Amino acid sequence: MALGFLDRERTIAPPGWSRWLIPPAALSVHLAIGQAYAWSVFKKPLEATMLTDSGHPGTLSALPFQLGIVMLGVSAALFGTKVESRGPRWAMAVSSLCFCSGLAIAAFAVLIDQYWLVVVGYGFVGGIGLGIGYISPVSTLIKWFPDRPGLATGCAIMGFGGGALFASPFSTELLKKFDALITPPAQGAAPLSGAVLDTAQDGIAKTFLVMAVFYAVFMTMSYTLVRVPAPGWHPGKEPPRQDRVLQSRANVSAKNAIRTPQFWFLWVVLCFNVTAGIGILERAAPIFRDFFPDSGDGDAASLAAAAAGFVAILSLSNALGRILWSSTSDYLGRKNMYRMYLGVGALLYTYVLLTTDANKPLFLIACILILSFYGAGFATIPAYLKDLFGTYQVGAIHGRLLTAWSVAGVLGPFIINNIADERIADGKTGPDIYTPSFMIVIVLLVIAFVCNELIRPVDAKWHEPATVDAAEPAPVGDVEAAAEIEDAEVAEVAGAAEKSGSAS
């Protein structure tokens, strides 16, 4: 019975079903798995309790997040076609199981003082839930909203960016309630007592466990509400006028899409845009402390609260950028929007690099815009793929493209954390810790800008036969077989026309 409930056939919308019920379903799963963006709240407590003897605590405390992002891309690529064929309800249920199990495993790992198991639970198991959950509604949304693909995917993917807006204060309050909101002592200060460390470690475990239960309940909304449109359904509306040069009514299979230069240019664009934002987001709380150590009332608790507020602000801009800029792309075109994400993003990083901590409000504005472009890149990419490759297997193509996120999930935190650890070891403090890493990010954004300029319409040789119905689930068959069917149909039509001409 349960398996039947998850079958794609059970999710086909009846006549009169409102398509506006689909974005809330997509939003609920993305809000839950977006908790990953609040990981920086856990960094200092874990460094103080489980990583005190490590040489690179900042790098090691990022590993669960990094592996989670890696597994997001890998699982999205591996299960993209399965998600298309099994449907969004199955995918959302599997995502919930993996993501919440990962949190529960992390709780157990902290209790038994095994940090490697935190990495496996939160990063590997939970990361699979991230990947499947992330792509689960994308294809469905594009099919429900062919007239507004940027708006539709922005609504859902906004949830992933905004997940930390709730999860950051939620996690902070839980850690505080369980006496686990601690930071490693400064160099030369007295070490924390064993009793404090034991209490904090127990509190971290309780926090993970409470979150596992909460998100398991919350994510049920996603797979009970979601539906797929009936074959042949169309809203009867035309998309708004935008850049028609890249937009095509033809469809390209996932198998053929990865053979095109357009796919790989977009891969670089997504990878480097994500690298530029994810490094700051993963280390947001420590970056704020390093740039503005006098924030709050001067004590550790108020500084931690101020840093958590910075994380929340960045998460809000990450979320709002996804809906605002992605919706704008329906009118201005995807290529133009990426020109802004990458070009203006490089200029903003240059500003932060040159002015450092001279002006806190302008620093915050620059970071807010950078994170809004970062989030918008995720929300706009499915519509960009739809323009280039059609809707036929856009979910599977999107899954393969998210391997760029996997690479960026390692590259961004590695650039920021590893260089920061080395600079701190060399005696650097404050903004100087991040100077080399920000310079690297600027170069990557410029490279991505050039790749976006090189994107052209997909060559017709990669198009699927015109007989392929994009509203149907993606079949597993070969493109060559479909082409043979099309040739046979063309020959049949030509024969009929010839007979008609002879008769007349």
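Trainee: How should I read the relative accessibility of Val 446?

Mentor: Residues under 20% relative accessible area are called buried and those over 50% exposed, with partly exposed in between, so Val 446, at 44% relative accessibility, counts as partly exposed. Please keep in mind that this is a predicted model. Val 446 has its place in helix H20, which runs over residues 435–453.

Trainee: Which residues form a nonpolar patch on the surface together with Val 446?

Mentor: An α-helix has 3.6 residues a turn, so residues three or four places apart point the same way. In this structure the patch is formed by Val 446, Phe 449, Val 450 and Leu 454, and together these residues have about 310 Å² of accessible area.

Trainee: How much accessible surface does the chain have, and what share of it belongs to carbon and sulfur atoms?

Mentor: The accessible surface of the chain comes to about 19,700 Å², and 66% of this belongs to carbon and sulfur atoms. Of the 504 residues in the chain, 57% are buried.

Trainee: How many helices and how many strands are there in the chain?

Mentor: The chain has 21 helices and zero strands. One of the helices, H18 (residues 394–401), is mostly covered, with seven of its eight residues buried; these buried residues are Val 394, Gly 395, Ala 396, Ile 397, His 398, Gly 399 and Leu 401.

Trainee: Where there is a nonpolar core, which residues have the most contacts inside it?

Mentor: In the largest nonpolar core, which has 141 residues, Phe 208 and Trp 405 are those with the most contacts, and the largest share of this core, 15 residues, comes from helix H17 (residues 360–389). Apart from it lies another core, of eight residues, among them Ile 22, Ala 26, Trp 144 and Ala 152. To return to Trp 405, if residues up to four places away in sequence are not counted, Trp 405 touches Tyr 37, Ile 69, Leu 72, Tyr 134, Phe 160, Val 274, Ile 278, Tyr 374 and Phe 378.

Trainee: What share of contacts in the chain join residues at least 24 apart?

Mentor: Among contacts between residues at least 6 apart in sequence, 85% join residues at least 24 apart.

Trainee: Does Gln 35 count as buried or exposed?

Mentor: Gln 35 counts as buried, because its relative accessibility is 0%, and its place is in the loop between helix H2 (22–33) and helix H3 (40–49). Leaving aside neighbours within four places in sequence, Gln 35 is in contact with Phe 42, Phe 99, Leu 103, Tyr 122, Gly 163, Ala 167, Ser 171, Met 211 and Tyr 215.

Trainee: What is the phi of Thr 356?

Mentor: Most residues other than glycine have a negative phi. The phi of Thr 356, however, is near 45°, a positive value in a residue other than glycine. Thr 356 has its place in the loop between helix H16 (334–355) and H17, and Thr 356 is partly exposed, with a relative accessible area of 23%. Asp 179 also has a positive phi, near 55°, and the place of Asp 179 is in the loop between helix H9 (149–177) and helix H10 (194–218).

Trainee: To how many disulfides does the count come?

Mentor: A disulfide is a covalent bond between the sulfur atoms of two cysteines. With a cut-off of 2.5 Å for a pair of cysteine sulfur atoms, the count comes to zero disulfides here. As for accessibility, Cys 367 is buried, with a relative accessible area of 3%, and Cys 451 is buried, with a relative accessible area of 11%.

Terms used:
Residues are numbered from 1 along each chain as its sequence is written. This is a predicted model: local features need pLDDT of at least 70, side-chain atom pairs count only at pLDDT 80 or more; totals for chains, interfaces and linings use all residues. Side-chain values use heavy atoms; hydrogens and water are left out. Buried means under 20% relative accessible area, exposed over 50%, partly exposed in between (1.4 Å probe, protein chains only). Patches are made of residues with over 30% relative accessible area and no salt bridge: like charges are joined within 9 Å, nonpolar side chains (Val, Leu, Ile, Met, Phe, Trp, Tyr) within 5 Å. Accessible areas come from the Shrake-Rupley method with a 1.4 Å probe; for residues, only the protein chains shown count as cover. A salt bridge is a side-chain nitrogen of Lys or Arg within 4 Å of a carboxyl oxygen of Asp or Glu. Helices (H or I, at least four residues) and strands (E, at least two) are DSSP runs, numbered from the N terminus. A nonpolar core is a set of buried Ala, Val, Leu, Ile, Met, Phe, Trp, Tyr and Cys residues joined through side-chain atoms within 4.5 Å. Contact means heavy atoms within 4.5 Å.
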